[in-house]
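Reader: I have a model open on my screen and would like to learn how to read it. Could you walk me through it, one feature at a time?

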Amino acid sequence: MGWRQTTSALSKEEQAVLLDELLQTGILKEEDRLLYGLLMPDRVKRMYDVLALRTNHITILTEGVDDPHNQSAVLRSADAFGVQTLHVVEGRAKFKPNSIIAKSADRWVDVVEHPSIEEAIDRLKADGYQVFATALSEEAIPLEDVDVTKPTVLLFGNEHHGVSERALAKADGNYIIPMQGYVQSLNISVAAAISLYDVTTRARHVVTEGYGLTIAEKQRVLKDWMVKSLPKRSLGVYKQKGLTAFERETGKSE
């Protein structure tokens, strides 16, 4: 049996400050105080701290990434570097990451699935993103030259075939990770990790407004995380006393 925290490491004063700040900023709705009360304040404090570093200014789009290990690793990298949303166009295999490999990142990162690569890129561009694909070509620019002052999508293709010609035709550009060895390509999971580290690090320093999540986004994400973090017994209490809210957030009635 695993150890479960039963008392908060936060003082009563610290707990009061946390709750007041969540309510005053609007990240926690008054109607969700029941949900908040079912979790340890320390757990919510950790969520609050992570939310402060989350972004949708940088996001990822994968095209036909079939290997669940790679799916999981990309999710894990997104979480590690504070990227809240992963966009997916499935290939031959369903998008079904391995939670163990992902270290449960699939619980904390939003996954948006699109029916086709064309629709995915069109939607993201309509939302104000520029799309840069990983591809080795004469037109490719080095990763460090990607302009991160603009909302940016990094597009990664299939493990064997890379980004499709259809995707490249719609992308705003393509980039490479400069290498000094004999090999000219990296596994998608490695390429995603290196790319995310570079662009998020640079973007945090140059984007003064709009890098972090909006209050509305934080509100939605915090509630989603809190619901997912409820122990089974507490989930039963929440469903009984806050059924409407539970159905709205999970789409389930039982």
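Predicted model: local features only at pLDDT ≥ 70, side-chain atom pairs only at ≥ 80, totals over all residues.

Reader: Where does Val-190 lie, and is it buried or exposed, or something in between?

Author: To sort a residue, look at its relative accessible area: under 20% is buried, over 50% is exposed, and partly exposed is in between. Val-190 has 38% relative accessibility, so it counts as partly exposed. You will find Val-190 in helix H9, which covers residues 188–206.

Reader: How do the axes of H4 and H9 cross?

Author: For a pair of helices, look at how close the axes come and at the angle between them. Helix H4, residues 68–80, and H9 have axes that come within 9 Å and cross at roughly 10°. Angles under 35 degrees count as roughly parallel, so H4 is roughly parallel to H9. On the H4 side, the contact is made by Asn-70, Ala-73, Val-74, Ser-77 and Ala-78; H9 brings Ile-188, Ser-189, Ala-192, Ala-193 and Leu-196.

Reader: Now a loop residue, please. Is Leu-143 buried or exposed?

Author: Leu-143 sits in the loop between strand S5 (141–142) and strand S6 (152–156). Its relative accessible area is 4%, so Leu-143 is buried. Leaving aside neighbours within four places in sequence, Leu-143 is in contact with residues including Tyr-175, Ile-176, Pro-178, Ile-194 and Arg-202.

Reader: What does Leu-22 touch, beyond residues up to four places away in sequence?

Author: Leu-22 belongs to helix H1, residues 12–25, and with 0% relative accessibility it counts as buried. Not counting those up to four places away, Leu-22 touches Ile-27, Leu-28, Tyr-36, Val-44, Tyr-48 and Leu-222. Leu-22 and Lys-45 are 23 residues apart in sequence, with 9.7 Å from C-alpha to C-alpha.

Reader: And the chain as a whole: how many helices and strands does it have?

Author: The protein chain comes to 12 helices and 7 strands. Of its 254 residues, 44% count as buried. Among contacts with a separation of 6 or more, 77% are between residues 24 or more positions apart. Finally, the chain exposes about 14000 Å², with carbon and sulfur atoms supplying 52% of that area.

Terms used: Residues numbered from 1 in each chain as written. Heavy atoms only, no water. Helix = DSSP H or I, 4+ residues; strand = E, 2+ residues; numbered from the N terminus. Buried < 20%, exposed > 50% of the residue type's maximum accessible area, 1.4 Å probe, protein only. Axes fitted to C-alpha atoms, helices over the stretch in contact; angles between N-to-C directions. Parallel < 35°, antiparallel > 145°, perpendicular 65-115°, else oblique. Contact = heavy atoms within 4.5 Å. Areas by Shrake-Rupley, 256 points an atom, 1.4 Å probe, with all protein chains shown as cover.
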